[in-house]
Amino acid sequence: MINMELAAIAVPAAVLGVGAVSAMLYGRKRNWISASLIVVASTALAVSLADIRLPQAGENIVAVATGANGDISEASLLAIPRAQAISLSGDGLRAAEWSDLPARRVQWKPAAADMLWLDFPRSMSLGRIFTLTVRRAQAQAGWRLQLLAENKQVLADSNLSSAATPQLSVQWLPPVAEAMVLQARLLDAAGKVIAQGPVPLQVSDALPLQIQGRFDAPSFDARALNQLLADGSAILDWNVALGKAVARSETARAPLTAPNAVFVDAAYVEHMNPSARSALLAQTRQGVPLVVLGANAADASMWQREFGLRLHPQSPTTEKEDTRQFTVAGAALAMPPAGLNPDDNVAAPWSVVARDGKKLPWLWQRDMQQGRVVWIGVSDWHRYAISAPQALALWWQGAMDKIALASVQKTSWRLPDTMPVPGLRSEVCVEGGAVASVQPADGGPALPLQARADKADARCGAWWPKRAGWAKFTAAGMDAPAFEYVYDVKDWPGWQRALRRDATALYAARAAGADGKGNGAAVERPLPAVPFALLFALCMLGLWYRESAQRR
């Protein structure tokens, strides 16, 4: 194979051109021997300068065996780059190990094995529901999943699965903000432990929301919302009109530098004068969501004219059927619709954002330049502030995720490794900002951060864990340290096996899709240039001898 790039063929082509001209000049003199010497010499020189590669004779397949813990011999690691293909036995290697090796075609037939995949957030804010999902390779019946505290107390139980299912999930609400190592346990129908291992979780205090509230009339719903936001440490600028000249105000404990949302009731917007309403919409267009509680809406024409929202009155005959039904944390919440609501299939620019358990819409929105207007079309959630406070808090939490802006955070940690183990390369990333290095708390050297093409707006540094347990990282410019849990090499063998097999399958796909010798094609070797250089020298020596003899 010849490299046909211009830079690679320019010099050999020039040599051939000069040789052809010289051979023609000798041919006009009928000096055919000298012309032949020139042709052979120029051809030999061009071949020696060209990038010509030959396929390796025979296919070089190296046998690679990986142990139960993913260990591999040093000889195998050195042999893989020189091979055309890999004959693999075992579960393969982790992604960090495969990424250090060139792509080679993989011959691999993994044996059947019981594997596990665990899916859960490594870090979360206080007040969020923690969900752990365990998936198995084959759907099975009669197994259960339990989440245990550090003192082995059962925090959540999925109960026995009556039908064959490949995965189970449990949920739990962390009560405090701290780093904890929970335990997950899989049991069969007889109560025998199938697998058990650590589940690390870092719970941190949430950044407080900055909320403005403006209400034209007092209501139990607005009061319940205010209490929920206050319990979540939100910074509130709240004003409720109690009469024509009486209002209840709650001044924010800190300046609202970046409001996450503005909450209003429909009556407040309807009773605003045109200039005040224009100012409110201007604020919305700049990026702050305007959230309208539609329970007390009365002027449908105003909403059509100013917001392009067509509202229809709720039919008294179908009010019961139209009640929105929600199931949150095992509790059933029923909320009647507002008196005026948009259609189920509202026309653009409005759209349905959320539906209840019966697929009935209850949340609508329209974009307005950088911001948006949100319509909440249910009411009477205050009834659950006493009977089901946790479920109501979680319902509003889900709603806030859909309607409010995220709290501003210039930089954040990102720990992408699913399961770090001692001795295997991992990485620590910082998203946003201009952090140059990260300092491990164990006294190791600082980790320089570099930009990564596969991680937008993030800088990452390589890190080799030394021991199992929590690892802490700090960096200049970060508000808080990062915590990464390092698993012991004996933790979750079924999960580790699954991660190795997944990484090996990705490596095999990368090798099959790569170009050139990376796809498992024949390994090429360069054409030896020395014989052609010697042939060129001999031809030139013969030409010099003939020229010298003719002069004598």
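This is a predicted model: local features need pLDDT of at least 70, side-chain atom pairs count only at pLDDT 80 or more; totals for chains, interfaces and linings use all residues.
A residue counts as partly exposed when its relative accessible area falls between the buried limit of under 20% and the exposed limit of over 50%.

Select Ser233 first, in the loop between helix H5 (220–231) and strand S14 (235–241). Ser233 has a relative accessible area of 41% and is therefore partly exposed. Its phi is near 65°, a positive value in a residue that is not glycine. Most residues other than glycine have a negative phi, and most peptide bonds are trans.

Proceed to Arg30, which sits in the loop joining helix H1 (6–28) and helix H2 (32–49). Arg30 also has a positive phi, of about 55°, and is exposed, with a relative accessible area of 65%.

Next, select residues 32–50, one of the spans that an unreviewed UniProt entry records as "transmembrane region". This span is 95% helix and 0% strand, with its end C-alpha atoms 27 Å apart.

Turn now to Pro349, in the loop between strand S21 (340–341) and strand S22 (350–355). The peptide bond leading from Ala348 to Pro349 is cis, with omega near 10°.

Finally, display the largest nonpolar core, which has 37 residues; Phe263, Ile376, Trp381, Trp395 and Trp396 touch the most other members. Helix H10 (residues 389–403) supplies the largest share of this core, eight residues. Centre the view on Phe263: beyond its neighbours within four places in sequence, its contacts include Ile211, Phe215, Leu225, Trp396 and Met400. A second, separate core of 32 residues includes Ala96, Leu182, Leu186 and Val203.

Notes: Residues are numbered from 1 along each chain as its sequence is written. Side-chain values use heavy atoms; hydrogens and water are left out. A nonpolar core is a set of buried Ala, Val, Leu, Ile, Met, Phe, Trp, Tyr and Cys residues joined through side-chain atoms within 4.5 Å. Buried means under 20% relative accessible area, exposed over 50%, partly exposed in between (1.4 Å probe, protein chains only). Helices (H or I, at least four residues) and strands (E, at least two) are DSSP runs, numbered from the N terminus. Contact means heavy atoms within 4.5 Å. UniProt positions are given in the numbering used here, feature names are shortened, and annotations may be inferred rather than shown by experiment.
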